[in-house]
Amino acid sequence: LDIMTEAPGSITDLEMFRYKPKILPKTARYNAAMIDAQLTKSRLPADLPDVNVIFLCTFDPFGYEEPIYHAEAQL
């Protein structure tokens, strides 16, 4: 399952994982970079929207046995 939505100023990429990638944080960064690369074909880098990558997993990605994790980006 892969879903991408676009709103003014942001793009959200929703992906489902049934297995744990070897390096989950790098997988998220890679997905965001691929979206940026596609968009720079028609936009200047300064005009790129914010990109949010959301993973829906059938496993606990961090191993803390939590059903839901909340994360905030710190800029």
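The legends below describe close-up views of a predicted model.

Residues are numbered from 1 along each chain as its sequence is written, and side-chain values use heavy atoms, with hydrogens and water left out. Because the model is predicted, local features need pLDDT of at least 70 and side-chain atom pairs count only at pLDDT 80 or more, whereas totals for chains, interfaces and linings use all residues.

View 1. The largest pocket has a volume of about 760 Å³, where a pocket is an open set of points on a 1 Å grid over the protein atoms alone at which a 1.4 Å probe fits, with protein on both sides within 12 Å along at least five of seven lines, and the volume is the space filled by probe spheres set on points joined across faces, edges and corners. Its lining, meaning residues with an atom within 4 Å of a point, comprises 27 residues, of which Val 53, Ile 54, Phe 55, Phe 62 and Ala 71 lie nearest the centre. Strand 3 supplies the largest share, seven residues, and helix 1 (24–39) is also a source of at least two; helices (H or I, at least four residues) and strands (E, at least two) are DSSP runs numbered from the N terminus. The lining divides into 19 nonpolar, three polar and five charged residues, with Ala, Val, Leu, Ile, Met, Phe, Trp, Tyr, Cys and Pro taken as nonpolar, Asp, Glu, Lys and Arg as charged, and the others, Gly among them, as polar.

**View 2. The salt bridge between Glu 6 and Arg 43.** The side chains of Glu 6 and Arg 43 meet in a salt bridge at 2.9 Å, N to O, the term requiring a side-chain nitrogen of Lys or Arg within 4 Å of a carboxyl oxygen of Asp or Glu. The pair links distant parts of the chain, 37 residues apart, with Glu 6 in strand 1 (residues 2–7) and Arg 43 in the loop between helix 1 and strand 3. Arg 43 is partly exposed because its relative accessible area is 27%, while Glu 6 is exposed at 53%; buried means under 20%, exposed over 50% and partly exposed in between, with a 1.4 Å probe and protein chains only.

**View 3. Glu 65 in the segment after strand 3.** Glu 65, found in the segment after strand 3, has a positive phi of about 55° although it is not a glycine. With a relative accessible area of 74%, Glu 65 is exposed.
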